[in-house]
Amino acid sequence: MNAPAPKISFVSLGCPKALVDSERILTHLRAEGYELARRHDGADVVIVNTCGFLDSAKAESLQAIGDAMAENGRVIVTGCMGAQPEEIREKYPNLLAVTGPQAYESVVAAVHEAVPPAHDPFLDLVPPQGVKLTPRHYAYLKISEGCNNRCTFCIIPQLRGDLVSRPAGDVLREAEKLVKAGVRELLVVSQDTSAYGIDTRYAASPWRDREVRARFYDLAAALGELGAWVRLHYVYPYPHVDEVIPLMAEGRILPYLDMPLQHASTAVLRRMRRPGNQEKMLERIRAWRATCPDLAIRSTFIVGFPGETEAEFEELLAWLKEARLERVGCFQYEPVRGAPANALGEAVPDAVKAERQRRFMEAQAAISLRLQKAKVGKRLPVIIDEAGPTLARGRSKYDAPEIDGSVHVAFRRPVRVGDIVTVKIERADTYDLHGTAV
Ligand code: SF4
């Protein structure tokens, strides 16, 4: 008789990029015959993939490690926070191992040491798409690690290093495998998606019967051939971003651009060390919309950056009203230990930050409601995320999972998760739409 398969309990914290790391680790371990446990209690070992981006994320990570220690006691820590092991070790000296981000091999080696694999090649077949923590019908596709920018509020380059791009052929093969396994929507992620390939001088690599260069445009165009929805995230506004807009207009990739702009005041952007001319940015957005009228731009902004004055904040508000972006998130600045921004100006009091965030989101809510109402009466393709007996919840091309709005769908003929159905939009809320599948 075979020995029972060793069991791993896994906690994945942090951003979509960390989720991709978790999936890779799990795919590897599953391939070696490990099983996933539902609870810490009774698992042979617990892996905690941590996030160290903000102090609040660190606190959450430390809490998750504490829970795992209390419930199981055999714990391996990995992820962004693992890049600063002293802090974790100080609090939890009895951890089995602490490894940094992207250290798949070290995590796997630590698991081997804690509980050796009991591989049975006839029983342990990894599903072809790997072990997904995201639902089957969409998947995050990570195209590079690290970042060459040095935004003053961010310590990711310190934690993850400079940009390292994956060869285009590798990315495309992974994407093909995912699509073959039933994925209908690919979410392209990295710290800085439009910088893709700069580090390899856009080196070409083989895919199918041709060579594909590791260039933002070339990769987006090739991904557009796979028959899935392709959504671009974390696109830094370099000039060559203009090139992909026609791909969106032609329906080859989704008309969606997630572009964190962070602020609109030139002075604040300079202190953030981000590209600074938001007048030009407005012109570019106008040109993009002329090429691709249904383009949805998503962005995130930071309010209460050190030294932000009321006038600078109002500049941001005025810009937002002018730009009328479709999807917007707003964060209050949180000092991150080790980030140069903390020393750049006087800290904005918490109450002022909260007040600015409220005013910002109020302005955006009015913009969003107007844009959403313009969709009433239209027929939109919607990808189904959850399906009940008579109602389903899905997303239009203009909504990314987890961060944007939903479309609530009534239907007569049954729909399943992952289906892409046409929905007649009947009603709009500030962020969500309601309609009937036709
Ligand atoms: S672009 Fe800026 S915010 Fe984004 S990872 Fe790089 S340094 Fe951090």
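Guide: Gladly! Helices are DSSP runs of H or I with at least four residues, strands are E runs of at least two, and both are numbered from the N terminus. Arg 324 sits in the loop between helix H11 (310–323) and strand S15 (327–332). Please keep in mind that this is a predicted model.

Visitor: Why is Arg 324 called partly exposed?
Guide: A buried residue needs 20 or more other C-beta atoms within 10 Å, and an exposed one has 12 or fewer. Arg 324 has 15 C-beta neighbours inside 10 Å, so it counts as partly exposed. Its phi is near 45°, a positive value in a residue other than glycine.

Visitor: What makes Tyr 202 partly exposed?
Guide: Tyr 202 has 16 other C-beta atoms within 10 Å, so the label is again partly exposed. Tyr 202 lies in the loop between S9 and strand S10 (204–207), and has a positive phi of about 60° although it is not a glycine.

Visitor: What is the angle between H6 and H7, and why are they called roughly parallel?
Guide: Helix H6 (residues 168–180) and helix H7 (residues 216–223) pack at about 25°, with axes 11 Å apart. Angles under 35 degrees count as roughly parallel, which makes H6 roughly parallel to H7. Their contact has seven nonpolar, no polar and one charged residues.

Visitor: How do you know that strand S6 is mostly covered?
Guide: Five of the five residues of S6 (residues 138–142) are buried. Tyr 138, Tyr 140 and Lys 142 lie on one side, Ala 139 and Leu 141 on the other.

Note on methods. Residues numbered from 1 in each chain as written. Predicted model: local features only at pLDDT ≥ 70, side-chain atom pairs only at ≥ 80, totals over all residues. Axes fitted to C-alpha atoms, helices over the stretch in contact; angles between N-to-C directions. Parallel < 35°, antiparallel > 145°, perpendicular 65-115°, else oblique. Nonpolar A, V, L, I, M, F, W, Y, C, P; charged D, E, K, R; others polar.
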